[in-house]
Amino acid sequence: MGRYSVKRYKTKRRTKDLDLIYEELASQEKITSLLNQPLDETKPGLGQHYCIHCAKYFETSIALKTHLKTKIHKRRVKELKDVPYTQEVANAAVGYNLNKFMNRVEEIKTVVGPLKQSNETELKNHLTTKLENVATTEPTLPQDFLEQQVQEEATTAAIN
């Protein structure tokens, strides 16, 4: 394994592809499940601060709030406004499965596109209301998790 074998595949910073994120944004159930994730100790911030457009977790809601203002996030949102390039598009360009591609285009124009737009506005409203009154100094752990830890420590102290 030389140094070029590591440089060839840039997997360190790889995130989800645009077509997968586009499908997530078109599904209301998927958005609610991503925004209301259970506490997970393996993810940053216990999985509570997640940017759907960039597919990234953040430690605090302050970090998420500042991320929403960055050029990287705005560029990703702009890329997701259009329909992403998929294998169906490549096949249609060659002339293979052209009818399937045309049906998919009609589906996006009539069903998926307007649904995605409404989901995007609801997501934006949700994030603005959630991050509106974020203090500049907040604990990295959610408040209910901290209260649960204090109650567990109190019960163990009472038992001993």
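## The largest pocket

Helices α5 (71–81) and α7 (98–130) each supply at least two residues of the lining of the largest pocket, and of the elements involved α7 gives the most, with seven residues. The structure described here is a predicted model, and the pocket has a volume of about 400 Å³. Of the 15 residues that line the largest pocket, those closest to its centre are H53, H73, V77, K124 and L127. Sorted by class, the lining holds five nonpolar, five polar and five charged residues.

One of the residues closest to the centre of the pocket, H73, lies in helix α5. H73 counts as buried because its relative accessibility is 7%, which falls under the 20% limit for that class. Leaving out residues up to four places away in sequence, H73 touches C51, H53, C54, H67 and L68.

## The nonpolar core

The largest nonpolar core has 21 residues, of which L25, I31, I52, L64 and L123 touch the most other members. The elements that give two or more residues to this core are α2 (18–25), α3 (28–35), β1 (50–51) and α7, and α7 gives the most, with four residues.

L123, one of the core residues with the most contacts to other members, is in contact with L25, I31, L35, I52 and H53 when its neighbours within four places in sequence are set aside. H53 in turn is among the residues closest to the centre of the largest pocket, and H53 is also touched by H73.

## Salt bridges

Side chains of opposite charge can pair when their charged atoms come close. A search of the whole structure finds five salt bridges, and one of them joins the side chains of R104 and E23, at 2.7 Å from N to O. Because R104 lies in helix α7 and E23 in helix α2, this pair ties together parts that are 81 residues apart in sequence. E23 counts as partly exposed, with a relative accessibility of 39%.

Another salt bridge forms between E120 and K116, whose closest N and O atoms are 3.2 Å apart. Both of these residues lie in helix α7, four residues apart, or about one turn of the helix, and E120 and K116 are both buried. Elsewhere, salt bridges that share partners join E23, R104 and E107 into one network.

K43 forms a salt bridge with D40, with the closest N and O atoms 3.7 Å apart. K43 counts as partly exposed at 29% relative accessibility, and D40 likewise counts as partly exposed at 25%.

Key:
Residues numbered from 1 in each chain as written. Predicted model: local features only at pLDDT ≥ 70, side-chain atom pairs only at ≥ 80, totals over all residues. Heavy atoms only, no water. 1 Å grid on protein atoms, 1.4 Å probe; cavity = no way out; pocket = protein on both sides within 12 Å on 5 of 7 lines; lining within 4 Å. Points joined across faces, edges and corners; volume = space filled by probe spheres on them. Nonpolar A, V, L, I, M, F, W, Y, C, P; charged D, E, K, R; others polar. Buried < 20%, exposed > 50% of the residue type's maximum accessible area, 1.4 Å probe, protein only. Contact = heavy atoms within 4.5 Å. Core = buried A, V, L, I, M, F, W, Y, C linked by side-chain atoms within 4.5 Å. Salt bridge = Lys/Arg side-chain N within 4 Å of Asp/Glu carboxyl O.
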